[in-house]
Amino acid sequence: MKLVLIGAPAAGKGTQARRLIDKYNLAYISTGDILREQVSKGTELGLKAKEVMDAGKLVSDELIIAIVKDRLSEDDCKVGYILDGFPRTDVQAQKLDELIGSVDRAIYIKVPDDVLLTRLTARETCPDCGAIYNKISSPSKEAGVCDVCGAKLTQRKDDNMETGLVRLKTFHDTADALIDHYAKQGKLFEVDGLADIDEVTNEIFKNLGE
Ligand code: AP5
């Protein structure tokens, strides 16, 4: 199965992706995670991406497409995969079609902007295992500590109100073309991301035929 997750910042893409990979045993490709890893390693790619990410803008299509092309050639992708945060522009969507044919489903998690900003500023993530928490809606059992692996939770540098507003604008500037792209192919499934996390998961499973 080849799935794409579309949604504004903090819509719940990463949260749902982790449940989908467990259920369908798929490879997980998050372009945001790949870029953050490069930033923390201080690689040439990370240095190029850091400023753009901190500003809430998009890394160039050329760079992102090269990253995804490379990642898709890895062995674990043979069984199928979830793309989280890619494609993000119409150019990226067209390139993905060229690379893989077409996806089975593009899942658009829809959430109003005011809710997104609240979620985003309250998010905490585990730098070691990638678990995602929310200080308001799904806090860790012990404040600041990962339930899964015990690591100290961190907040992303771009998870603040100022950058969050730019990220939202960036999403709205490019999302319509992307959503149209998959609607025209009959692959789009829109899910209400305001529902609680389990309900969103169940709606997605139902749409995928479970
Ligand atoms: P990326 O890391 O992809 O960030 P994003 O798209 O802004 O998405 P987020 O990771 O912020 O949110 P999410 O939807 O995964 O939400 P989550 O599940 O964590 O990209 C970062 C940057 O990298 C970009 O700004 C750009 O610069 C660059 N980049 C990446 N891909 C690119 C591309 N293709 N092209 C160009 N540049 C690219 O949930 C958020 C919070 O809400 C959590 O606290 C969670 O617990 C909570 N939550 C989730 N679901 C619910 C729910 N149903 N109810 C209540 N709370 C919920």
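Buried means under 20% relative accessible area, exposed means over 50%, and partly exposed lies in between, using a 1.4 Å probe and protein chains only. Keep those cut-offs ready for the tour.

This is a predicted model, where local features need pLDDT of at least 70, side-chain atom pairs count only at pLDDT 80 or more, and totals for chains, interfaces and linings use all residues. Residues are numbered from 1 along each chain as its sequence is written, and side-chain values use heavy atoms, with hydrogens and water left out.

**Stop 1: Asn 25**

Select Asn 25. Its place is the loop between H1 and strand S2 (27-30). Helices (H or I, at least four residues) and strands (E, at least two) are DSSP runs, numbered from the N terminus. Is Asn 25 buried or exposed? Asn 25 counts as exposed because its relative accessibility is 59%. Now look at the backbone. Asn 25 is not a glycine, yet its phi is positive, near 55°.

**Stop 2: Ala 10**

Go to Ala 10. This residue sits in the loop between S1 and helix H1 (13-24). Ala 10 is another non-glycine with a positive phi, about 70°. Most residues other than glycine have a negative phi, and most peptide bonds are trans. Ala 10 has 13% relative accessibility, so it counts as buried.

**Stop 3: Phe 86 and Pro 87**

Select Phe 86 and Pro 87 together. The peptide bond from Phe 86 to Pro 87 is cis, and its omega is near -5°. Pro 87 belongs to the loop between S3 and H5.

**Stop 4: the strands**

Show strand S1 (residues 2-7). How many of the six residues of S1 are buried? Five are, and S1 is mostly covered.

Two strands pair if DSSP finds at least two bridges between them. Follow S1 to its partners:

- Strand S3 (residues 81-84) runs parallel to S1, and four bridges join them. Select Leu 5 to find its bridge partner in S3, Asp 84.
- Strand S4 (residues 105-110) also pairs with S1 in the parallel sense, over five bridges. Leu 3 stands opposite Arg 105 in S4. Gly 7 has Ile 109 of S4 as its bridge partner.

Stay on Ile 109. Its bridge partner in S7 is Val 191. S4 pairs with strand S7 (residues 188-192) in the parallel sense, over five bridges.

In a regular strand the side chains alternate between the two faces of the sheet.

**Stop 5**

Two packed helices are described by the angle between their axes and the distance between the axes. Axes are lines fitted to C-alpha atoms, for helices over the stretch in contact, and angles run from 0 to 180 degrees between N-to-C directions.

Select helix H2 (residues 31-41) and helix H3 (residues 44-54). Their axes come within 8 Å and cross at roughly 115°. H2 and H3 are therefore roughly perpendicular to each other. Angles under 35 degrees count as roughly parallel, over 145 as roughly antiparallel, 65 to 115 as roughly perpendicular and the rest as oblique.

Contact means heavy atoms within 4.5 Å. On the H2 side, the residues that meet H3 are Gly 32, Leu 35, Arg 36, Gln 38 and Val 39. On the H3 side they are Leu 45, Gly 46, Ala 49, Lys 50 and Met 53. The residues of this contact of H2 with H3 divide into five nonpolar, three polar and two charged. Here Ala, Val, Leu, Ile, Met, Phe, Trp, Tyr, Cys and Pro count as nonpolar, Asp, Glu, Lys and Arg as charged, and the others, Gly among them, as polar.

Zoom in on Gln 38 in helix H2. Gln 38 is buried, with a relative accessible area of 18%. Neighbours within four places in sequence aside, Gln 38 is in contact with Thr 43, Leu 45 and Gly 46.

**Stop 6: helices H5 and H7**

Next, show helix H5 (residues 90-100) and helix H7 (residues 161-184). They pack at an angle of about 30°, with their axes 8 Å apart. H5 and H7 are therefore roughly parallel to each other. H5 brings Asp 90, Ala 93, Gln 94, Leu 96 and Asp 97 to the contact, and H7 brings Ala 177, Leu 178, His 181 and Tyr 182. The residues of this contact divide into five nonpolar, two polar and two charged.

**Stop 7: Thr 201**

Finish at Thr 201 in helix H8 (residues 197-207). Thr 201 counts as buried, at 5% relative accessibility. Which residues does Thr 201 touch, not counting residues up to four places away in sequence? Select Gln 16 and Arg 19 to see them.
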